Structure formats: structure tokens, C-alpha cells
Amino acid sequence: MGLSYNVYLNSSRIYGCKNCKTHLSNHEDILSRNFRGQHGKAYLFNAVVNISEAEPVERNMTTGRHVVRDISCRQCNEIVGWKYDKAYEASEGYKEGKFILEAELLVNVR
């Protein structure tokens, strides 16, 4: 097992882990702000970096049944959201391969 290095993003607005400020995503990668998580407001992102993914599980969510996996900050191991692996409803298929980051668990990194 080799060393793992964090990816440092270069953008005017970067979202990071609230706990350790590790870069997670750019503002430009937000696809939607109309999501809710366990801690309130959440955002759907196209791409996220510096995370670890848990094993996939099926969950009943507001929009139907999905296969998701929790995602954690690779630096401090805090859970920051989840990734959609599969949506059973055809209308929810756009979420597959996308990430949810919960606003309460994020900080703007300068």
C-alpha cells in the first residue's frame, strides 16, 4: 500500500471538510441545491475528491429506493455525505454516479 496524496483544487470557491478543511469539491461542480440530508440542506455534486467510499447499501429515501454508499473525508474520516450507485426509479437515474455533500458538514476553503 502506497502513500495517498490529497488533491488540491484551484477554484474561486472550494468546499472542504468542516472538521479538517480538506478540499472536497468546487462550486462549479454543484448540479443541484435542492437536496436534504441527515443534517439539513445538501448539494448534489458531479465530482468530489479526497474521499473514501463505504460499501454499497440499499436505502429508502424521499425520492424512492436507491443503492448508495456513505462517503468520508479521506483525511479525518468524517462522513460528509453519500454517493448514488443505483436508482430504481427511471426518473431518478440522473443521480447515479453523483455525490451528495451535506452543507452542515462543509466549510468554504480559501
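Predicted model: local features only at pLDDT ≥ 70, side-chain atom pairs only at ≥ 80, totals over all residues.

Residues are numbered from 1 along each chain as its sequence is written, and side-chain values use heavy atoms, with hydrogens and water left out.

**The annotated span**

Select residues 13-110, which an unreviewed UniProt entry annotates as "domain: Yippee"; UniProt positions are given in the numbering used here, feature names are shortened, and annotations may be inferred rather than shown by experiment. The end C-alpha atoms of this span lie 7 Å apart, and its content is 0% helix and 58% strand. Helices (H or I, at least four residues) and strands (E, at least two) are DSSP runs, numbered from the N terminus.

Next, select strand E7 (residues 64-73) together with strand E8 (residues 79-87), which run antiparallel and are joined by seven bridges; two strands pair if DSSP finds at least two bridges between them. These two strands form a hairpin with five residues between them, and in the turn you will find Asn77, which has a positive phi of about 75°.

**Gly81**

Which residue in E8 is the bridge partner of Ile71? The partner is Gly81, so centre the view on that glycine, which counts as buried at 2% relative accessibility. Buried means under 20% relative accessible area, exposed over 50%, and partly exposed in between, with a 1.4 Å probe and protein chains only. Leaving out residues up to four places away in sequence, Gly81 touches Asp70, Ile71 and Ile100, where contact means heavy atoms within 4.5 Å. From Gly81 to Phe45 the C-alpha distance is 11 Å, and the two are 36 residues apart in sequence.

**The aromatic rings**

Rings of Phe, Tyr and Trp (its six-membered ring) pair if their centres lie within 6.5 Å, and planes under 30 degrees apart count as stacked, over 60 as edge-to-face and the rest as tilted. A search of the whole structure finds four aromatic pairs. In one of them, the rings of Tyr15 and Tyr43 have centres 6.1 Å apart and planes at 45°, so this pair is tilted. Tyr15 belongs to strand E1 (residues 14-17) and Tyr43 to strand E4 (residues 40-45), so that the pair links distant parts of the chain, 28 residues apart. Both tyrosines, Tyr15 and Tyr43, are buried. Tyr15 and Phe45 form an edge-to-face pair, with 5.7 Å from centre to centre and 75° between the planes. Here too distant parts of the chain are linked, Tyr15 in E1 with Phe45 in E4, 30 residues apart, and both residues are buried.

**The cysteines**

Finally, select the cysteines: how many disulfides are there? With a disulfide taken as a pair of cysteine sulfur atoms within 2.5 Å, the count comes to zero. Cys73 is in no disulfide, the nearest cysteine sulfur being that of Cys20, 3.5 Å away; Cys73 is buried, with a relative accessible area of 0%. Cys76 is likewise in no disulfide, and its nearest cysteine sulfur, that of Cys17, is 3.6 Å away. Cys76 is partly exposed, with a relative accessible area of 25%.
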